[in-house]
Amino acid sequence: MVDQKLPSQEPRRDVLEWCGRHPNSPTKKKSDSLLHYAPLNPHGDMNFGNVLFRRTEGRACDLTSLWLEAQEKLAVCDWKSSDIGIRAGSYDSACRIAGWADLSLPLVLNRASRLELEFGQLASQWYRETGMISMIHKKAMHPAYQRIIGMGKDALPFIFRELNKKRGDWLWALCAITGDDAAKPAHNFKEAVEAWLRWGEEHGYF
Amino acid sequence: MDTSKRLPPERENVFPNLFANGYGVTSDEDFLYNCIAWAAGEENTQEKWDPFCIGFGYYWPDGLDRKADVETFIKLYAMEGGYAPCDTDKPEPGFEKLTIYVGADGEVTHAARQKEDGMWTSKLGDWEDIGHKTPQGVCGDFPAYGKIAQFVKRPRPKRD
């Protein structure tokens with residue numbers, strides 16, 4: 001239920017489009033809001049519960065990346081696709097909350113968004129629970145990593161995105177899913193990552 | 001050793017002995033190398049050594065068993081750096097020492113290198129490099145690195 005009017009400074013359209021609804025549409029509150037979205041205040045901060053997010057990429061903020069960031073930082077969120085609500089707010093020039101509206105839209109995700117969120121949740125869990133482990137043969141046995149491999153080729157765009165961003169241990173999954181190996185025997189890890197990134201580009205994953 | 005820079009709490013808490021034993025973060029997280037390679041030389045910042053892997057990019061020497069037990073890792077460091085087993089972590093002038101750690105399943109979990117000042121350097125998985133005052137600093141039940149299984153040493157190479 002919309003219990004307050006949206007402030008004049010509208011949330012970014014990408015969030016609203018992501019919801020597939022206009023914020024002024026009548027809505028039913030399905031659950032507590034898990035995700036707070038707010039345009040940046042002049043200091044570039046964003047509140048999520050009692051955690052302060054500092055956005056550095058300007059005003060651009062898409063819900064997926066915010067959600068993934070929230071998961072990584074909080075490490076406590078249980079995600080259920082039907083339970084996500086959004087609290088959109090805006091700040092005035094004095095950094096006071098000028099207004100907010102509890103949209104609490106039940107998100108109807110398209111398949112691509114659902115896959116992306118599923119991958120993001122699994123990847124966050126895997127990073128969090130295996131980040132201290134050095135041995136890929138241990139890391140790759142983690143249930144989240146195995147589930148990502150089980151997503152098959154649907155996971156490839158997201159794996160390449162992660163590989164491009166962090167250069168992490170995604171080569172095992174890429175070999176398992178594609179049945180290919182872009183790296184050469186003489187490659188060190190960095191060279192192997194670069195070879196896989198070229199492979200991903202050639203196959204249209206970027 | 002500069003102990004002013006600490007790991008984020010959720011990472012520091014993985015290693016119950018770390019703070020009490022003294023440590024400091026020495027580099028940002030980096031996904032391009034692992035502790036096994038890093039222990040053998042600080043030049044190994046683009047390599048991951050692992051006995052089991054699918055595909056290329058992970059290094060393991062030809063001719064060495066693909067096992068993760070201590071004996072195999074002693075051979076690994078003998079082949080790659082000329083290290084030989086020794087009995088203590090006590091600093092010895094002119095020698096560089098490594099510590100090899102094993103988990104409850106008997107498989108090697110980690111390796112750390114002793115620097116010239118007697119401190120130890122560890123690459124924590126994908127996370128940061130740290131300097132720690134004792135090799136016991138990263139011991140503990142999983143997800144910490146278990147217990148110390150073996151020390152090895154070699155004449156300290158000259159580095160710039």
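1. A quick definition to start: a residue is buried if 20 or more other C-beta atoms lie within 10 Å of its own, exposed if 12 or fewer, and partly exposed in between, with C-beta atoms placed from the backbone. By that count B:Pro157 is exposed, because it has 10 C-beta neighbours inside 10 Å.

2. Please keep in mind that this is a predicted model, where local features need pLDDT of at least 70, side-chain atom pairs count only at pLDDT 80 or more, and totals for chains, interfaces and linings use all residues. Residues are numbered from 1 along each chain as its sequence is written, while chains are lettered from A and ligands numbered from 1 in the order in which they are written.

3. Back to B:Pro157: you will find it in the segment after strand 9 (147–155) of chain B. Helices (H or I, at least four residues) and strands (E, at least two) are DSSP runs, numbered from the N terminus. B:Gly94 lies 63 residues from B:Pro157 in sequence, with 8.5 Å between their C-alpha atoms.

4. Chain A contains eight helices and five strands, in the order α-β-β-β-α-β-β-α-α-α-α-α-α along the sequence. Of its 206 residues, 34% are buried.

5. Now the contacts, meaning pairs whose C-beta atoms, placed from the backbone, lie within 7 Å. Among those in chain A with a separation of 6 or more, 61% join residues 24 or more positions apart.

6. Between the chains, 25 residues of chain A are in contact with 27 residues of chain B. On the chain A side, helix 4 (136–139), helix 7 (171–178) and helix 8 (189–202) each supply at least two residues.

Notes:
Contact = placed C-beta atoms within 7 Å.
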